[in-house]
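Colleague: Hi! Could you walk me through this structure?

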Amino acid sequence: MARTYRLSKSRFTAGLQCHRQLWWKVHEPRAPELRPDAALQAVFDMGNRVGERARQEFPNGVLIDFDYRRPLASVKPTRQAIDAGAPVILEASFFEDDIFVAVDALSKEGDGWVVTEVKATTRVKPQHIPDAAVQAHVVEKAGLPGVRVELMHLNREHRHPNHGPLFVRADISAEVAALRSDIAGEASAQMQMLAGELPYVEPGAHCTSPYECPFRDRCVAPAPDHHIDELNGIRANKLDELREAGIETVDQIPSDFPLEPLWARHRAAVLRKQLIVEPGLRDALAAYRYPIAMLDFETVGPALPVWNGCSPFGAVPVQFSVHTIHEDGEVSHRAYLADGPGDPRPGVAEALVEALDGAETVLAWHASVEKRCLSQLATACPEHAPALLEARDKTDDLRVVFKNNLYHPDFRGSFSIKNVVPALLPEMAYDDLDVSDGQLASSLLEGLLCRPEDLSEGQGEALRTQLAAYCEHDTAVMVELLKLATRSAPTSPVISST
Ligand code: SF4
């Protein structure tokens, strides 16, 4: 007899995205691609914290003990809670039609029931609807009448501690109803598919939407070097035009093909296999006056805000690094990393005003982030507002200067500092750092400042050292990038794309 496979809410939604992906998830549950990295694990942990906090919104809730290793064991206690007349059941578990679901909150409403799905987002997203629809389907199959469906998400208008509710609820019954008739058929198609061989699915837009598929490397061959997809900011219609002309890589684009100046520089860099520098660079750099301060902030954005006036996911600056280049060429360094769990902003603001004292120019990479942080600090710490707002107004974006004037074939179409540094300063690439990307730094900082009790003293100190090194590196590389841009490096002659 053919084996039957059990579906769950997450399996069902994976199958909606792609049957091939679901097949691998079910048949290879220990596939290396399914092991969450540190950043993804942090997202899962954040979702769990939001889910736990959401339970406080249901003070009468009866919590069903849920063990993910034995999910079906929760079905009987759920039924007992319903029979006992519980008005709200948290983690209410059902197994019908070979589909298991655990509902975040199931509440009695008149003669019917409300399914509440909690999401750690600040709005309803299209992918939330099938997720809720499969729950409503299973709950109704279990014999519960009049099911209404709502999505409870974080309220972006909330300000800690008590300005506006932390969660808001959106009734999505109508959107769910529109999908309901498809659920049984799709579930049956998924189970039939799982009983067979690995299905073939042509890769396409569904490989990245609504979620990045973990198996992309198994299905999608790597693009050739300098693929036209790398052209920075190119739109789909222009890409189609190039493809229709039989062009796959940037170096194949004919010289008479109309290109934006940046794409023309990109093509020139690939064809000449070297850094291209536009004549406008000199004027762009001439605007800078010494001392020049390179500024970088690291922020945390807790889903559940912890400091006064902060909103869910609102980015709060907790760390900075400043390297200052003085007129005589000397470089000095100042840095600050908050010591939780109190409000980090007063300490950051005070130390930053000192660090930027005397700077004529402030440079950041992707300066909109630094400008926003400076504005936010000025609002939170009015005693430092004049100095912080002055610093904001003199902050310029070094990334824009690079984007307008330089291109190296190894940028791969991106002006992220993580692409620019390995191409221009390979000896300063981020590979040797324990913390090497901003998202990971942010989640580590949040743990360090907001949940220090989860770390031993030794772990906390080690983390502070790693995070300090990461932030310092960001401004140290900016010093070297500015030097490189300022001089005509012997190994990188100044060449115009025109
Ligand atoms: S990469 Fe695309 S086609 Fe392959 S399993 Fe993932 S979603 Fe399906």
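Predicted model: local features only at pLDDT ≥ 70, side-chain atom pairs only at ≥ 80, totals over all residues.

Colleague: How many helices and strands are in the protein chain?

Modeller: The protein chain has 17 helices and 14 strands; these are DSSP runs, numbered from the N terminus, with at least four residues (H or I) for helices and at least two (E) for strands.

Colleague: And what box do the C-alpha atoms fill?

Modeller: Roughly 80 × 60 × 40 Å, taken along the principal axes.

Colleague: What is the strand order in the open sheet of five strands?

Modeller: The order is S11-S10-S9-S12-S13, with mixed pairing; two strands pair if DSSP finds at least two bridges between them. S11 (331–337) and S13 (395–397) are the edge strands with a single partner each, so one side of each has no neighbour in the sheet.

Colleague: In which sense do S9 and S12 pair?

Modeller: S9 (residues 292–300) and S12 (residues 361–364) pair in the parallel sense, over three bridges. Ala293 stands opposite Val362 in S12.

Colleague: Switching topic: what is the handedness of the crossing of H5 and H6?

Modeller: That crossing is right-handed, meaning the near helix is turned clockwise from the far one by less than a right angle.

Conventions: Residues numbered from 1 in each chain as written.
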